[in-house]
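Thanks for coming. Please look at the model on the screen first, and then I will talk through its strands and its aromatic rings.

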Amino acid sequence: MPMLMIKKINGLCTIQDLGRLHAQHLGFSAGGAADEYGFLSANKLLENDSNAAALELTFANIVLLAQADCTIAITGADCQVSINDKPAALWRTLHLHVGDTLLVKTKNTGLHTYIAIAGGINSKVWLNSRAQTLNEITLGFGEPLLAANSKIKLSAKCYQPELNNTIAIPQAQQFYPTDGLTLRFIPSTLWQKLPSSVQQQFLKQTYQISPASNRMGYRLLGEVLNIDDSQTTTLSKPVTFGAIQLPNDGQPIVLMKERQTIGGYPVLGSVIQTDLFRLSQLRPAKKVTFAPVTVEFAQQQLSSFYQRFSLKK
(Lines give C-alpha, C1' and ligand atoms only; values in the text may rest on other atoms or scores of the structure.)
Protein backbone atom coordinates (compact mmCIF):
# COMPACT_ATOMS: atom_id res chain seq x y z
CA MET A 1 0.00 0.00 0.00
CA PRO A 2 1.40 3.46 -0.91
CA MET A 3 2.22 5.62 2.11
CA LEU A 4 3.68 8.85 3.40
CA MET A 5 5.66 8.66 6.64
CA ILE A 6 5.98 11.49 9.13
CA LYS A 7 9.67 11.94 9.89
CA LYS A 8 9.33 15.02 12.09
CA ILE A 9 6.41 17.05 13.38
CA ASN A 10 6.02 20.08 15.62
CA GLY A 11 2.43 21.10 16.28
CA LEU A 12 -0.92 19.52 15.48
CA CYS A 13 -1.51 17.42 12.37
CA THR A 14 -4.86 15.68 11.83
CA ILE A 15 -6.71 13.92 9.04
CA GLN A 16 -9.79 15.87 7.96
CA ASP A 17 -12.64 15.65 5.49
CA LEU A 18 -15.90 17.65 5.61
CA GLY A 19 -16.84 16.05 8.94
CA ARG A 20 -19.36 13.60 10.41
CA LEU A 21 -22.34 15.86 9.96
CA HIS A 22 -24.98 13.27 10.87
CA ALA A 23 -23.66 12.06 14.24
CA GLN A 24 -24.23 15.06 16.48
CA HIS A 25 -27.45 13.56 17.87
CA LEU A 26 -25.20 10.84 19.30
CA GLY A 27 -23.17 13.45 21.18
CA PHE A 28 -20.12 13.44 18.89
CA SER A 29 -18.54 16.56 17.43
CA ALA A 30 -18.97 17.04 13.68
CA GLY A 31 -15.29 17.96 13.21
CA GLY A 32 -14.02 18.43 9.67
CA ALA A 33 -11.67 20.86 7.95
CA ALA A 34 -11.55 24.19 9.78
CA ASP A 35 -11.00 26.15 6.57
CA GLU A 36 -13.16 24.57 3.88
CA TYR A 37 -11.84 26.98 1.26
CA GLY A 38 -8.29 25.69 1.62
CA PHE A 39 -9.45 22.08 1.94
CA LEU A 40 -11.78 22.11 -1.08
CA SER A 41 -9.25 24.02 -3.18
CA ALA A 42 -6.59 21.38 -2.58
CA ASN A 43 -8.96 18.59 -3.63
CA LYS A 44 -10.08 20.57 -6.67
CA LEU A 45 -6.48 20.99 -7.84
CA LEU A 46 -6.07 17.21 -7.68
CA GLU A 47 -9.46 16.48 -9.28
CA ASN A 48 -10.36 14.56 -6.13
CA ASP A 49 -13.79 13.96 -4.71
CA SER A 50 -14.60 17.06 -2.66
CA ASN A 51 -14.74 15.02 0.55
CA ALA A 52 -11.42 13.21 0.03
CA ALA A 53 -9.52 13.21 3.32
CA ALA A 54 -6.41 15.41 3.59
CA LEU A 55 -3.89 16.43 6.23
CA GLU A 56 -4.64 19.58 8.22
CA LEU A 57 -1.64 21.23 9.89
CA THR A 58 -2.57 23.62 12.70
CA PHE A 59 0.31 26.03 13.37
CA ALA A 60 2.64 23.12 12.69
CA ASN A 61 5.84 22.17 10.91
CA ILE A 62 6.15 18.73 9.34
CA VAL A 63 8.64 16.63 7.38
CA LEU A 64 7.14 13.82 5.27
CA LEU A 65 8.96 11.00 3.52
CA ALA A 66 7.37 9.67 0.33
CA GLN A 67 7.28 5.87 0.33
CA ALA A 68 5.47 5.89 -3.01
CA ASP A 69 5.16 8.20 -6.01
CA CYS A 70 2.29 10.57 -5.32
CA THR A 71 0.74 13.85 -6.47
CA ILE A 72 -0.10 16.48 -3.87
CA ALA A 73 -1.41 20.02 -3.42
CA ILE A 74 -0.74 22.35 -0.49
CA THR A 75 -3.14 25.19 0.32
CA GLY A 76 -4.45 27.27 3.21
CA ALA A 77 -2.16 29.30 5.47
CA ASP A 78 1.02 30.80 4.07
CA CYS A 79 3.95 28.47 4.65
CA GLN A 80 7.41 27.51 3.43
CA VAL A 81 7.43 24.39 1.25
CA SER A 82 10.40 22.46 -0.09
CA ILE A 83 10.96 19.10 -1.77
CA ASN A 84 14.44 17.69 -1.19
CA ASP A 85 15.48 21.15 0.06
CA LYS A 86 14.32 22.83 -3.17
CA PRO A 87 11.54 25.45 -2.83
CA ALA A 88 8.08 24.40 -4.01
CA ALA A 89 4.90 26.39 -4.51
CA LEU A 90 1.53 26.50 -2.78
CA TRP A 91 -1.85 26.32 -4.53
CA ARG A 92 -0.71 24.03 -7.35
CA THR A 93 -0.10 20.34 -7.98
CA LEU A 94 3.28 18.89 -7.07
CA HIS A 95 4.78 15.43 -7.64
CA LEU A 96 6.68 13.40 -5.06
CA HIS A 97 8.70 10.30 -5.88
CA VAL A 98 9.84 7.45 -3.68
CA GLY A 99 12.44 8.73 -1.21
CA ASP A 100 11.54 12.42 -1.62
CA THR A 101 11.36 14.54 1.53
CA LEU A 102 8.65 17.19 1.81
CA LEU A 103 9.05 20.03 4.31
CA VAL A 104 6.11 22.26 5.21
CA LYS A 105 6.92 25.02 7.69
CA THR A 106 4.51 27.62 9.09
CA LYS A 107 5.21 31.31 8.46
CA ASN A 108 3.75 34.55 9.78
CA THR A 109 0.10 34.42 8.75
CA GLY A 110 -2.69 31.89 8.98
CA LEU A 111 -3.20 28.80 11.11
CA HIS A 112 -4.34 25.84 8.99
CA THR A 113 -2.44 24.34 6.07
CA TYR A 114 -3.82 21.50 3.94
CA ILE A 115 -1.82 18.75 2.28
CA ALA A 116 -4.07 16.80 -0.07
CA ILE A 117 -2.98 13.74 -2.03
CA ALA A 118 -4.49 12.44 -5.27
CA GLY A 119 -7.16 9.91 -4.36
CA GLY A 120 -7.27 11.06 -0.74
CA ILE A 121 -6.04 9.44 2.48
CA ASN A 122 -7.07 5.84 3.11
CA SER A 123 -7.51 6.07 6.89
CA LYS A 124 -10.14 4.52 9.17
CA VAL A 125 -13.75 5.53 8.60
CA TRP A 126 -15.80 6.10 11.74
CA LEU A 127 -19.46 7.18 11.59
CA ASN A 128 -19.10 7.82 7.84
CA SER A 129 -16.11 10.16 8.16
CA ARG A 130 -12.32 10.03 8.38
CA ALA A 131 -12.19 13.36 10.26
CA GLN A 132 -10.16 13.34 13.47
CA THR A 133 -11.34 15.26 16.53
CA LEU A 134 -9.23 15.35 19.68
CA ASN A 135 -12.00 14.31 22.09
CA GLU A 136 -12.93 11.29 20.01
CA ILE A 137 -9.28 10.28 19.52
CA THR A 138 -8.85 10.09 23.32
CA LEU A 139 -11.86 7.73 23.42
CA GLY A 140 -10.16 5.44 20.91
CA PHE A 141 -12.39 6.19 17.92
CA GLY A 142 -10.98 6.54 14.41
CA GLU A 143 -7.32 6.87 13.54
CA PRO A 144 -4.75 7.44 16.37
CA LEU A 145 -3.21 10.91 16.71
CA LEU A 146 -0.51 11.45 14.10
CA ALA A 147 3.06 11.73 15.37
CA ALA A 148 6.64 11.12 14.26
CA ASN A 149 6.94 7.74 12.48
CA SER A 150 3.20 7.59 11.75
CA LYS A 151 2.47 6.11 8.34
CA ILE A 152 -0.33 7.67 6.29
CA LYS A 153 -2.04 5.22 3.96
CA LEU A 154 -2.81 6.55 0.49
CA SER A 155 -5.07 5.56 -2.38
CA ALA A 156 -3.82 3.23 -5.11
CA LYS A 157 -4.40 6.22 -7.43
CA CYS A 158 -2.16 8.58 -5.44
CA TYR A 159 0.15 9.30 -8.38
CA GLN A 160 -1.38 11.29 -11.24
CA PRO A 161 1.53 12.44 -13.46
CA GLU A 162 -0.85 13.91 -16.05
CA LEU A 163 -1.89 16.67 -13.62
CA ASN A 164 -0.02 19.79 -14.71
CA ASN A 165 2.11 21.17 -11.89
CA THR A 166 2.00 24.67 -13.37
CA ILE A 167 -1.76 25.06 -12.84
CA ALA A 168 -2.48 27.22 -9.77
CA ILE A 169 -5.67 28.64 -8.33
CA PRO A 170 -5.53 32.35 -9.26
CA GLN A 171 -5.63 34.96 -6.52
CA ALA A 172 -6.32 32.25 -3.95
CA GLN A 173 -5.11 34.21 -0.97
CA GLN A 174 -7.64 36.98 -1.57
CA PHE A 175 -10.21 34.85 0.27
CA TYR A 176 -8.35 35.37 3.54
CA PRO A 177 -8.27 38.52 5.70
CA THR A 178 -4.86 40.12 6.17
CA ASP A 179 -5.64 41.50 9.62
CA GLY A 180 -9.15 42.15 10.92
CA LEU A 181 -12.42 40.55 9.90
CA THR A 182 -16.07 41.55 10.11
CA LEU A 183 -18.09 38.52 11.16
CA ARG A 184 -21.54 38.64 9.64
CA PHE A 185 -24.10 36.88 11.79
CA ILE A 186 -27.76 35.85 11.81
CA PRO A 187 -29.33 37.32 14.98
CA SER A 188 -31.06 34.97 17.42
CA THR A 189 -34.45 35.49 19.09
CA LEU A 190 -32.55 36.54 22.23
CA TRP A 191 -30.75 39.23 20.22
CA GLN A 192 -34.10 40.63 19.05
CA LYS A 193 -35.17 41.05 22.68
CA LEU A 194 -32.04 42.85 23.85
CA PRO A 195 -32.18 46.63 24.42
CA SER A 196 -30.82 48.62 21.49
CA SER A 197 -28.10 50.01 23.76
CA VAL A 198 -26.75 46.49 24.36
CA GLN A 199 -26.99 45.64 20.67
CA GLN A 200 -25.07 48.77 19.73
CA GLN A 201 -22.41 48.08 22.36
CA PHE A 202 -21.82 44.67 20.79
CA LEU A 203 -21.81 45.95 17.21
CA LYS A 204 -19.43 48.84 17.93
CA GLN A 205 -16.99 46.67 19.84
CA THR A 206 -13.70 45.50 18.34
CA TYR A 207 -12.74 42.16 19.84
CA GLN A 208 -9.36 40.44 19.95
CA ILE A 209 -9.00 36.70 19.49
CA SER A 210 -7.84 35.10 22.73
CA PRO A 211 -4.84 32.74 22.91
CA ALA A 212 -7.25 30.26 24.53
CA SER A 213 -9.01 29.79 21.16
CA ASN A 214 -8.91 26.43 19.37
CA ARG A 215 -10.80 24.22 16.92
CA MET A 216 -13.65 23.94 19.43
CA GLY A 217 -14.28 27.64 19.86
CA TYR A 218 -12.78 31.09 19.34
CA ARG A 219 -12.79 33.08 22.57
CA LEU A 220 -12.96 36.84 22.13
CA LEU A 221 -11.64 39.59 24.41
CA GLY A 222 -13.19 43.03 24.66
CA GLU A 223 -15.47 45.21 26.73
CA VAL A 224 -17.70 43.07 28.93
CA LEU A 225 -21.19 42.69 27.50
CA ASN A 226 -23.83 42.50 30.21
CA ILE A 227 -27.32 41.26 29.52
CA ASP A 228 -30.31 40.71 31.79
CA ASP A 229 -29.56 38.17 34.53
CA SER A 230 -32.62 36.15 33.54
CA GLN A 231 -30.92 35.41 30.21
CA THR A 232 -27.56 34.25 31.55
CA THR A 233 -28.63 30.68 32.30
CA THR A 234 -30.84 28.56 30.07
CA LEU A 235 -31.62 24.90 29.66
CA SER A 236 -29.05 23.10 27.54
CA LYS A 237 -30.00 22.84 23.90
CA PRO A 238 -28.30 21.91 20.61
CA VAL A 239 -25.65 24.36 19.40
CA THR A 240 -24.63 25.09 15.84
CA PHE A 241 -21.44 25.81 13.92
CA GLY A 242 -20.84 29.54 14.36
CA ALA A 243 -23.08 30.06 17.39
CA ILE A 244 -22.07 33.18 19.37
CA GLN A 245 -22.30 32.15 23.00
CA LEU A 246 -22.16 34.68 25.83
CA PRO A 247 -20.80 33.12 29.06
CA ASN A 248 -21.18 34.72 32.46
CA ASP A 249 -17.95 36.69 32.02
CA GLY A 250 -19.53 38.69 29.18
CA GLN A 251 -16.85 37.68 26.63
CA PRO A 252 -18.28 36.00 23.49
CA ILE A 253 -17.25 32.58 22.19
CA VAL A 254 -17.76 31.63 18.53
CA LEU A 255 -18.20 27.87 18.21
CA MET A 256 -16.05 26.17 15.57
CA LYS A 257 -15.74 22.74 13.93
CA GLU A 258 -14.97 20.71 17.09
CA ARG A 259 -17.75 22.35 19.12
CA GLN A 260 -19.73 20.48 21.72
CA THR A 261 -23.21 19.31 20.68
CA ILE A 262 -25.27 21.05 23.40
CA GLY A 263 -24.82 24.13 25.57
CA GLY A 264 -26.62 26.35 28.05
CA TYR A 265 -25.06 29.76 27.46
CA PRO A 266 -27.19 32.51 25.88
CA VAL A 267 -26.69 32.69 22.09
CA LEU A 268 -26.63 36.07 20.35
CA GLY A 269 -26.74 34.59 16.84
CA SER A 270 -24.75 32.48 14.39
CA VAL A 271 -21.82 33.65 12.25
CA ILE A 272 -22.31 32.76 8.58
CA GLN A 273 -20.24 29.79 7.44
CA THR A 274 -18.13 31.54 4.81
CA ASP A 275 -16.88 33.96 7.48
CA LEU A 276 -16.14 31.05 9.83
CA PHE A 277 -13.73 29.60 7.26
CA ARG A 278 -11.92 32.95 7.21
CA LEU A 279 -12.03 33.26 10.99
CA SER A 280 -10.36 29.85 11.38
CA GLN A 281 -7.21 31.27 9.76
CA LEU A 282 -6.85 34.22 12.19
CA ARG A 283 -4.26 33.90 14.93
CA PRO A 284 -4.62 35.18 18.53
CA ALA A 285 -4.59 38.98 18.94
CA LYS A 286 -6.18 39.52 15.52
CA LYS A 287 -9.30 41.70 15.59
CA VAL A 288 -12.91 41.01 14.68
CA THR A 289 -16.14 42.97 14.66
CA PHE A 290 -19.74 41.86 14.10
CA ALA A 291 -22.51 42.87 11.68
CA PRO A 292 -26.04 41.38 11.48
CA VAL A 293 -27.36 39.95 8.20
CA THR A 294 -30.45 38.07 7.07
CA VAL A 295 -30.86 34.33 6.69
CA GLU A 296 -31.37 34.86 2.95
CA PHE A 297 -28.03 36.66 2.66
CA ALA A 298 -26.24 33.86 4.53
CA GLN A 299 -27.82 31.22 2.29
CA GLN A 300 -26.81 33.10 -0.86
CA GLN A 301 -23.21 33.44 0.34
CA LEU A 302 -22.92 29.75 1.19
CA SER A 303 -24.57 28.65 -2.05
CA SER A 304 -22.17 30.79 -4.11
CA PHE A 305 -19.21 29.45 -2.12
CA TYR A 306 -20.07 25.79 -2.77
CA GLN A 307 -20.97 26.41 -6.42
CA ARG A 308 -17.34 27.26 -7.17
CA PHE A 309 -16.50 23.72 -6.03
CA SER A 310 -19.51 22.18 -7.82
CA LEU A 311 -21.11 21.27 -4.50
CA LYS A 312 -24.74 21.62 -3.48
CA LYS A 313 -25.51 22.68 0.09
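Two strands pair if DSSP finds at least two bridges between them. Strands (E, at least two residues) and helices (H or I, at least four) are DSSP runs, numbered from the N terminus. This is a predicted model, where local features need pLDDT of at least 70 and side-chain atom pairs count only at pLDDT 80 or more, while totals for chains, interfaces and linings use all residues. Residues are numbered from 1 along each chain as its sequence is written, and side-chain values use heavy atoms, with hydrogens and water left out.

Start with β7, residues 101-106. Strand β4 (residues 79-83) is joined to β7 by five bridges, and the two run antiparallel. Ser82 has Leu103 in β7 as its bridge partner. Strand β2 (residues 54-66) is also antiparallel to β7, with four bridges. There, Ile62 stands opposite Val104.

Next, the barrel. Which strands close into it? There are seven, in the order β10-β17-β14-β15-β12-β11-β18, with mixed pairing. Neighbouring strands of this sheet are turned by 40° against each other on average, direction ignored. Axes here are lines fitted to C-alpha atoms, for helices over the stretch in contact, and angles run from 0 to 180 degrees between N-to-C directions.

Now the rings. Rings of Phe, Tyr and Trp (its six-membered ring) pair if their centres lie within 6.5 Å; planes under 30 degrees apart are stacked, over 60 edge-to-face, and the rest tilted. The whole structure holds 23 aromatic pairs. Take Phe28 and Trp126: the ring centres are 4.8 Å apart and the planes are at 80°, so this pair is edge-to-face. Phe28 lies in the loop between β1 and α1, and Trp126 in the loop between β8 and α2, so the pair ties together parts 98 residues apart in sequence.

Are these two residues buried or exposed? Buried means under 20% relative accessible area, exposed over 50%, partly exposed in between (1.4 Å probe, protein chains only). Phe28 is buried at 17%, and Trp126 is buried at 16%.

A second pair is Phe241 and Phe277, with centres 6.4 Å apart and planes at 35°, so it is tilted. Phe241 is buried at 12%, and Phe277 is buried at 0%. Ring pairs link both into a cluster whose members include Phe175 and Tyr176.
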